[in-house]
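User: Can you walk me through this one? I'd like to start with a helix and then look at a couple of strand residues.

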Amino acid sequence: MKVLIVDDEEMIRNVLKEYVEFEGNEAFEAADGMEAVRMCRDNDYDIILMDVMMPRLDGFSAVKEIRKTKDIPVIMLSARGEEYDKLFGFEIGVDDYVTKPFSPKEVMARINAVTKRRAAKDEPKNDVYKFEGLTIDMAGRNVYVDGEKAELTPKEYEILFYFVKNRGIALTREKLLMDVWGFDFYGDDRTVDTHIKMLRSNLKEYRKFIVTLRGLGYKFEV
């Protein structure tokens with residue numbers, strides 16, 4: 001994930017950059033609104049952390065300018081917590097608002113929440129996916145292999161649906177355990193491998209879409 005951090009205070013940029021990169025994302029910096037607008041014209045970002053009070057061009061004005069050409073999620077960062085500022089931010093399309101001083105961990109949690117909401121909104125509404133002869137109907141909870149219904153266990157359905165929603169993304173075994181089995185599950189990596197082995201067997205030749213990443217985990221790749 002590419003995160004653009006916009007703030008005129010270098011110390012704040014450095015702290016946020018450290019946390020963003022620690023979670024495996026790419027961090028880019030802009031010291032004011034004008035620089036942020038220029039960077040967004042030339043590049044694509046997955047989310048923007050935008051300070052409100054900055055020289056040359058304030059955060060609200062920068063967001064309005066960026067939104068003329070790019071629909072990038074924005075989280076506003078502000079030392080001012082007045083209700084008017086928050087309402088104005090939401091009116092111009094800001095996705096979230098964090099008041100300074102803030103915890104970097106809270107900002108990261110907000111980033112994850114915003115990106116998940118956006119991803120859910122952008123998903124096709126029919127929830128039916130077709131990859132060659134493999135048809136996956138999430139709403140109906142059905143999977144068809146070359147037109148024949150596959151009999152999967154509830155956990156195999158969950159794993160396959162999670163793979164499809166995160167297709168093209170490298171997924172560690174730890175992340176699969178956390179997101180599919182949940183925080184309260186007590187088990188190890190072999191649990192993931194065993195279920196994926198059974199899932200692959202049921203998908204027959206389309207098992208090829210579940211790629212093993214040696215030493216890391218898996219990826220659903222079509």
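Analyst: First, the ground rules. This is a predicted model, where local features need pLDDT of at least 70, side-chain atom pairs count only at pLDDT 80 or more, and totals for chains, interfaces and linings use all residues. Residues are numbered from 1 along each chain as its sequence is written, and side-chain values use heavy atoms, with hydrogens and water left out.

User: Which residues of H8 are buried?

Analyst: Thr191, Val192, His195, Ile196, Leu199, Arg200 and Leu203. Buried means under 20% relative accessible area, exposed over 50%, partly exposed in between (1.4 Å probe, protein chains only).

User: Why would residues three or four places apart point the same way?

Analyst: Because an α-helix has 3.6 residues a turn.

User: And which exposed residues sit on the face turned away?

Analyst: Arg190 and Lys197.

User: How do H6 and H8 pack?

Analyst: At an angle of about 85°, with axes 10 Å apart. Axes are lines fitted to C-alpha atoms, for helices over the stretch in contact, and angles run from 0 to 180 degrees between N-to-C directions. H6 and H8 are therefore roughly perpendicular (65 to 115 degrees; under 35 is roughly parallel, over 145 roughly antiparallel, the rest oblique).

User: What meets what there?

Analyst: Lys155, Glu156, Ile159, Leu160 and Phe163 in H6 meet His195, Ile196, Met198, Leu199, Asn202 and Leu203 in H8. Contact means heavy atoms within 4.5 Å.

User: New topic. Is Asp96 buried or exposed?

Analyst: Buried, at 15% relative accessible area. Asp96 is in strand S5 (residues 96–99). Not counting residues up to four places away in sequence, Asp96 touches Val74, Ile75, Met76, Phe90, Arg110 and Val114.

User: Where is Ala27?

Analyst: In strand S2 (residues 26–30). Ala27 counts as buried at 15% relative accessibility. Ala27 and Ile5 are 22 residues apart in sequence, and 7.0 Å apart C-alpha to C-alpha.

Methods
Helix = DSSP H or I, 4+ residues; strand = E, 2+ residues; numbered from the N terminus.
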